[in-house]
Amino acid sequence: MTDADDAESRSATGDSDGSTSVVTTTGLTKEYGGRPIFDGVDLDINAGAMTAVIGPNGSGKTTLLKTLLGHVDPTAGTVTYTGPDVDRPMGYLPQEPAFRPQFTVSETVEFYASLVDASVDTEGLLREVNLYDARTRRVSALSGGMRRLLAVAQAVLGDPPVVCCDEPASGLDPSMARRVFESLAGRAADGMAVVVASHTLSLVETYADHVVILDAGGVAAAGSPAALIERYDAADLWDVYATVVDPATAGVSRRGDDDDTAERDAAASDPTADSGGDS
Ligand SMILES: Nc1ncnc2c1ncn2[C@@H]1O[C@H](COP(=O)(O)OP(=O)(O)OP(=O)(O)O)[C@@H](O)[C@H]1O
């Protein structure tokens, strides 16, 4: 992806840089009870790239992902899938994954593998998400982070053309969080369109090809991490976030106040910054 793609979310795609859009949104608008969550969002989600959606609590990241997946109907606008014609075009890692508690890890993955029309290397998948040694454990005996790893495996199982992951690193220790992003970036490198909603800005900066910043009812900025950093003359993606996002909703101070990445990622996910969300 070139840096010229960054002026608008729409321009991240397309033919000029050889990338292929598999999901396109046009004028995507969602209201709840007459209250706009986002309005007129134009996006192209590319195959072979990780698109990260970042923004304050309640800015509409989950709603956007659910709209892409067709789980939520937009109030206006369209979502068009133009990828391969397969039974399961999109995998989904929900914000709060739920599995049958009495199943073991292996049984869970095998159950989902039986639902997809593809041969699945379940052992390889469990190794990829670091759950192979826990394969005989029941889901009810897993930690929250391990359950999320299982959800990552379920989401990418069968290699759907698109996978939407809602906070894939939530609850994971730093090395597992990195491993999950690495693994999703690897899937993207193999051609998958990976969409990630995340508050972990350091990992987004490292692994995402394209970043969409949602705030105040729309796309506040979009582009590759490098292009955004250059455009805002910023030190890093956090610096961009703190510049672009309304501080009243971000719950963060403006740039230059703090250098610690972990603290800054934590601030970006500060639940006290919720602008009214109950998600
Ligand atoms: N089913 C619903 N009915 C009414 N309002 C909703 C519904 N789902 C979400 N919302 C509202 O839409 C807004 C956006 O929520 P959403 O979960 O998409 O935000 P988010 O950016 O993913 O937040 P977070 O970072 O906290 O996960 C919030 O104000 C939330 O309360």
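Strand E1 (residues 21-32) and E2 pair in the antiparallel sense over eight bridges; two strands pair if DSSP finds at least two bridges between them. Helices (H or I, at least four residues) and strands (E, at least two) are DSSP runs, numbered from the N terminus. The model is predicted: local features need pLDDT of at least 70, side-chain atom pairs count only at pLDDT 80 or more, and totals for chains, interfaces and linings use all residues. Residues are numbered from 1 along each chain as its sequence is written.

- Glu-31 has Pro-36, in E2, as its bridge partner.
- Three strands make up an open sheet with antiparallel pairing, in the order E2-E1-E4.
- Strand E2 (35-46) and E4 are the edge strands, each pairing on one side only.
- On average, neighbouring strands of this sheet are turned by 15° against each other, direction ignored.

**Helix H1**
- Helix H1 (residues 61-69) packs on the sheet and touches E1, E2 and E4, and its direction makes about 125° with that of E1. Axes are lines fitted to C-alpha atoms, for helices over the stretch in contact, and angles run from 0 to 180 degrees between N-to-C directions.
- Nine of the nine residues of H1 are buried, so the helix is largely enclosed by the rest of the structure. A residue is buried if 20 or more other C-beta atoms lie within 10 Å of its own, exposed if 12 or fewer, and partly exposed in between, with C-beta atoms placed from the backbone.
- Gly-70 follows H1 and has a positive phi, near 85°.

**The nonpolar core**
- The largest nonpolar core has 78 residues, and Met-50, Cys-164 and Ile-213 are among those with the most contacts inside it. Such a core is a set of buried Ala, Val, Leu, Ile, Met, Phe, Trp, Tyr and Cys residues joined through C-beta atoms within 7 Å.
- Helix H4 (residues 144-156) gives the most to this core, with eight residues.

**Thr-82**
- Thr-82 lies in the loop between strand E4 (76-81) and strand E5 (90-93).
- Because 13 other C-beta atoms lie within 10 Å, Thr-82 is partly exposed.
- Leaving aside neighbours within four places in sequence, Thr-82 is in contact (C-beta atoms, placed from the backbone, within 7 Å) with Ser-21, Val-22 and Thr-24.
- The C-alpha atoms of Thr-82 and Cys-164 are separated by 16 Å, and the two residues are 82 residues apart along the chain.

Key:
Contact = placed C-beta atoms within 7 Å.
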